[in-house]
Amino acid sequence: AIREDMEKKKREKEGVDGVSEEDKKEDEQGTPWEKIIPVNEAAKFRITKEKAIKEGDERDHVLNETEQTMKFGLFCLTFQYFRAMKMVRREKVSWEGAQESIGGADAGKKKHITAERKKMLDEERNEKERNRNMTKAMIKAKEGEQRKRLREEKERAEAAKKLMKKMLQEKQEKSSAVVLARVYRGHLGRKAARRWARKKAELEAMNALMNASAITIQRVHRGHKGKVAASEVRMEMAEFIAQIREEEAKQDEEEYWKTHTFARYKRDIKAFVRTLAEGARSISVRRGAENPEDADFGVGAKGTK
């Protein structure tokens, strides 16, 4: 049924007329169900032909031990049965009481008592004697126990009275000691409290003075640092504003020269002339330094002009 269901699903996926590659492989190699058949046949052969428990196996050892134990148990039961039957036959006569009839035909005859019966009679007689002795001993023991109980009760009452008296005395001594300790500790506590109050007042005054001093020092120091920081900030702000104004002046000048072309040309010509004059002056100074006479003549000629 599973196989048919699987084939039906395959046909639904691939179509009725279509043949898949898996079907071709199954036709060539065989389906899983065909491969399982030899395995099942081999398992059935092992189950029918081979033994479940082999020789030398642990289970074989356990079964052998169980068999030996059962045999030994049956032997012990049989032995106990036959031993019990023998003992029953041996004591059958004494249990029936055939030789112990009273007033019968054998009343005048001497009774035959077996060793087992004699032993039982001796045990009964000894048991009665033991019971009598035990009763006497129990009576004496009860009397002794009663006397002992009365003596123990008397001793217990006396001990309880002594203990009560001792407890009352210890309680009084303890209460007195507690009162004395309370008074003395109170005196010591008040004395220590007065000393600590003075010391605490001194410490509080010292702490207040130190706090006030520290606050004043911190206030002065922080004020100084604040002033220094404020002056530095003001200097930085002034420099920053000056730089901004200088940049704005440069930008305004550049804008002015861009919009006034004639003035820019005029400025450039003046700068060029000034540069030529400074160059000529520097050349004349160098020549005067090299030739002092020419320099004096030039200066005199210039003065004459």
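Visitor: What is the place of Lys191?

Guide: Lys191 lies in helix 6, which covers residues 115-259; helices here are DSSP runs of H or I with at least four residues, while strands are runs of E with at least two, numbered from the N terminus. This is a predicted model, in which local features need pLDDT of at least 70 and side-chain atom pairs count only at pLDDT 80 or more, whereas totals for chains, interfaces and linings use all residues. Residues are numbered from 1 along each chain as its sequence is written, and side-chain values use heavy atoms, with hydrogens and water left out.

Visitor: Why is Lys191 called partly exposed?

Guide: Buried means under 20% relative accessible area and exposed means over 50%, with partly exposed in between (1.4 Å probe, protein chains only). Lys191 has a relative accessible area of 42%, and is therefore partly exposed.

Visitor: Which residues gather with Lys191 in a patch of positive charge?

Guide: Arg190, Arg194, Arg195 and Arg198 gather with Lys191 on the surface. Patches are made of residues with over 30% relative accessible area and no salt bridge, like charges being joined within 9 Å and nonpolar side chains (Val, Leu, Ile, Met, Phe, Trp, Tyr) within 5 Å. Lys and Arg count as positive, and the place of a charge is taken as NZ of Lys or CZ of Arg.

Visitor: What makes the contact of Lys71 with Glu67 a salt bridge?

Guide: A salt bridge is a side-chain nitrogen of Lys or Arg within 4 Å of a carboxyl oxygen of Asp or Glu. The closest N and O atoms of Lys71 and Glu67 are 3.5 Å apart, so the pair is a salt bridge. Both residues lie in helix 4 (residues 58-90), four residues apart, about one turn of the helix.

Visitor: How do you know that Asp122 and Arg125 form a salt bridge?

Guide: Their closest N and O atoms are 2.3 Å apart, and because they are three residues apart in helix 6, about one helical turn separates them. Asp122, at 26% relative accessible area, is partly exposed.

Visitor: How many salt bridges does the structure hold?

Guide: The structure holds five, one of them between Arg149 and Glu153, whose closest N and O atoms are 3.4 Å apart.

Visitor: Which residues form the nonpolar patch on the surface?

Guide: Tyr265, Ile269, Phe272, Val273 and Leu276 form the patch, with about 540 Å² of accessible area together, as given by the Shrake-Rupley method. Leu276 lies in helix 7 (residues 261-290).

Terms used
Areas by Shrake-Rupley, 256 points an atom, 1.4 Å probe, with all protein chains shown as cover.
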